[in-house]
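Here's a quick briefing on the structure below. Have a look at the model first, then work through the points by topic.

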Amino acid sequence: MAMLSGAQILIESLVREGAEAVFGYPGGVTLPIYDVLYSHPLRHVLVRHEQNAAFAAQGYARATGKAGVCMATSGPGATNLTTGLVDALMDSIPVVAITGQVPQALIGRDAFQEADTFGISRSATKHNYLVKDIGELSQTVHEAFHIAVSGRPGPVLVDVTKDVLLSNADYSDEQEMEPLRGYRLTDDPDPEAIERAVEFLWRAERPYIYAGGGVISSSASAELVRFSELLEAPLAHTVMGLGAMPTEHPNFISMLGMHGSYAANMGVTECDALIGLGVRFDDRVTGRLDKFAPGAKVLHVDIDPAEINKNRRADLGLVGDAKPVLRLLNERLAETRTTLGRERREARLAWMEHVRAMKRDHPYLYEESAEEIKPQALMRKLDQISGGEAIVTVDVGQHQMWAAQHLRFNHPRLWQSSSGLGAMGFGLPAAMGAKFACPDKTVIAIVGDGGFMMSLPELGTIAANRLPVKIVVMNNNTLGMVRQWQQLFYDKRYSEVDVASFPDASLLAAAFGIAGGSVTDPADLDDALAHAFDEPGPYLLNVQVTPEECVYPMVPSGGAVNEMILQPEPEAAEAVAGD
Amino acid sequence: MQQLISLLVENKPGALMRVAGVLTSRGYNIESLTVAKTVDPTLSIMTIVAEVGEDGRDLLIKQISRLVNVIKAVDLTDSRAVRRELVLIKIYVEEERRPALLTEVEIFRARVVDASPKAYTIEATGSPDKLNALIALLRSYGPIEMVRSGAMAMARAKQNKLPVPSYTEAALSEG
Ligand SMILES: Cc1ncc(C[n+]2csc(CCOP(=O)(O)OP(=O)(O)O)c2C)c(N)n1
Ligand SMILES: [Mg+2]
């Protein structure tokens, strides 16, 4: 036992829980914490805006599966974190946020930089705490990490009053941690439920696997691949699921949903058994719900009981962690393969062939150009560079969808996208977090010209830490995705989407002391990319692409997924050419 | 429709806010909400009556259940649970009608808990329906003011079953 200040206990508790880096920004009430950090080995990364501390913590968490840690001061610091926390909540990413709060004696008196962080973060977190007693600090940090990473992961916020940070108490690493009475983790499904699921699976003639982020949270990639192989069933991923099954796997079809491939969406439409694994039947996946997998019976596996039957009624719901559930299923599938599994195998193989043929016949289409860099062509180039091995973070918009369509991922935890919240400004700070987590991996941030400007100040963090992330701005001079909707659904009345006054990338990079450049001519693209990736340090590459290009296929909002717009209307294509 | 929900929650700061938040963020109106400690003072039981669509009922219970401070959430809407409510009614009644009023109060097994020259204060408990009937009746005597506690509910004990050690959880489970 040693006598420590609250600030010291906080930091020691973070270290005890395995924190390797804290992304944060200091302020008045967190001064005691920063005074401890001054001489403490725990790494603190000074970001340039608290929102990016939360995004960077997510970048770390998405790359490792461990909780990312961010820190902010009271009031504006805490409110700046919220977007990143809601984002982590939507995508089920483990984050622990530490915020300072004004001294207890001042709470409720509209003190300087007081905000009701506990109240504000209620709906932005999986759980949150306000610590007013130093005796509870260590235990609270422990609970926060446990809650963040276990079950369905998510963000947890710990708000600590300044007087707690300044007071002293005994601290020891080995403390009895009380159990959380209201927080029960799901057990594995019982053998009977597994048996029913196995029967369900073998009864299918056209089984189709729809797998999402839950599989990645659960580190169940190997089990997922084996499951698909045993069942001999095609598999589509949600945006969150990309990389769980390697893109090159013969059973992998593509991403499904609003900008999913023709084959992925037709597969889901035609299947007779839909197996949802760690997914939540999000509206951007299902489109019009009653037309989604209309002829299919549904088996839904999720760790969160509240997801089963939320959007689509499951004929069979299995509550549990994807990894043990898939293991149990695989075991029984392997055992029954030559018995139960033989009955409908012919039909299943024909189905697999049919879906594969759709995939072959309907690749993601785009027109090549010698005059302009096509955004899809840029993604293909980046894919070649990555070879399915780089960590790729994206922002939100057209570039995000093109990247999802065209890049390969050989492993889980390589692809990072703000998927549920769709928060612009995510890509760049997430890449920072990922690079801190995985210094040996190539980290590429593919961002739009709009979203890049939202995260611009982080060039400062990247420069200060010489963080060798490669920032590729897919510059279409417009808020492309909004423009696309205006083009297709608002009669081309382009309203407030012109962000053409993009700064000169090499000057901008130079101003921050990092390398950078721009490329416009398709003939120069290879060289520009080679240059960017050969540079040992960070690089900002601005790639000027065709402005008027739409992401296809597209399921219009609220439409049925099999009613995709596959290609531009001829008339629209002319308009593109005429511009 | 009105959904009746009973919750066993940890008696911790923020627990009420979280539960209420699940309801309010969906735009459900909370008709009533009562909360107080159980025999175990670290736990509380909440009874909530809220206007929830038929589709939303099951999901709401699950989403409340997943809150870290919630130990158990039960939908008692269709159950035979004992439901009780307390009401305090101040009634301004003329001298000559008081005896008749007192007889009515008696019938409802309500009590006069305060009397002044102009008004009586009456306390009554019972099912919400019974209290509604009482209130309607009293209104015919004169202007009233009232405070209602909102419903409290307790699942009926299972037959042939002794109290379990975790009595607070038992209070929520259906018999
Ligand atoms: C914080 C935030 N504000 C607004 C939006 C709405 N929105 C979605 S995509 C988009 C356009 C993004 O433009 P850009 O970053 O240039 O990417 P592009 O679509 O052109 O690839 C906007 C404004 C959002 N997703 N997030
Ligand atoms: Mg753009």
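Starting at the metal, the donors of the magnesium ion (ligand 2) follow the spacing D-x26-N-x1-T along the chain. This is a predicted model, so local features need pLDDT of at least 70 and side-chain atom pairs count only at pLDDT 80 or more, while totals for chains, interfaces and linings use all residues. As for bookkeeping, residues are numbered from 1 along each chain as its sequence is written, chains are lettered from A and ligands numbered from 1 in the order in which they are written, and side-chain values use heavy atoms, with hydrogens and water left out.

**The magnesium site**

- Asp449(A) (OD), Asn476(A) (OD1) and Thr478(A) (O) coordinate the magnesium ion (ligand 2) at 2.0 to 2.2 Å. Donors here are N, O and S atoms within 2.8 Å of the metal (3.2 Å for Na, K and Ca), and water is not among the atoms, so sites may look incomplete.
- Asp449(A) sits in helix α18 (residues 449-455) of chain A and Asn476(A) in the loop between β18 (470-475) and α20 (480-489) of chain A, so the pair ties together parts that are 27 residues apart in sequence. Helices (H or I, at least four residues) and strands (E, at least two) are DSSP runs, numbered from the N terminus.
- Asp449(A) is buried, at a relative accessible area of 3%, and Asn476(A) also counts as buried, with 3% relative accessibility. Buried means under 20% relative accessible area, exposed over 50%, and partly exposed in between (1.4 Å probe, protein chains only).

**Domains 2 and 3 of chain A**

- Chain A splits into domain 1 (2-171), domain 2 (191-361) and domain 3 (375-551); the bounds come from an automatic or database domain assignment.
- The C-alpha centres of domain 2 and domain 3 of chain A are 31 Å apart. Their contact (heavy atoms within 4.5 Å) takes 17 residues from domain 2 of chain A and 18 residues from domain 3 of chain A.
- About 1,400 Å² is buried between these two domains, with carbon and sulfur atoms giving 61% of it. Buried area is the accessible area (1.4 Å probe) that two parts lose on being put together, summed over both.
- On the domain 2 side of chain A, Val239(A), Leu242(A) and His259(A) lose the most area to domain 3 of chain A, together 38% of what that side buries.
- The rule finds 1 salt bridge across this interface, where a salt bridge is a side-chain nitrogen of Lys or Arg within 4 Å of a carboxyl oxygen of Asp or Glu.

**Where chain A meets chain B**

- The contact draws 19 residues from chain A and 21 residues from chain B.
- Some 52% of the buried area, which is about 1,500 Å² between chain A and chain B, comes from carbon and sulfur atoms.
- There are 2 salt bridges across the interface of chain A and chain B. Elsewhere in the salt-bridge list, Asp304(A) and Arg66(B) pair up through their side chains (2.4 Å, N to O).

**Chain B**

- Its domain assignment gives chain B domain 1 (2-79) and domain 2 (82-148), and 30 Å separate the C-alpha centres of domain 1 and domain 2 of chain B.
- Thr34(B) lies in strand β2 (residues 29-37) of chain B and is buried, with a relative accessible area of 10%.
- Leaving aside neighbours within four places in sequence, Thr34(B) is in contact with residues including Ile45(B), Met46(B), Ser149(B) and Met152(B).
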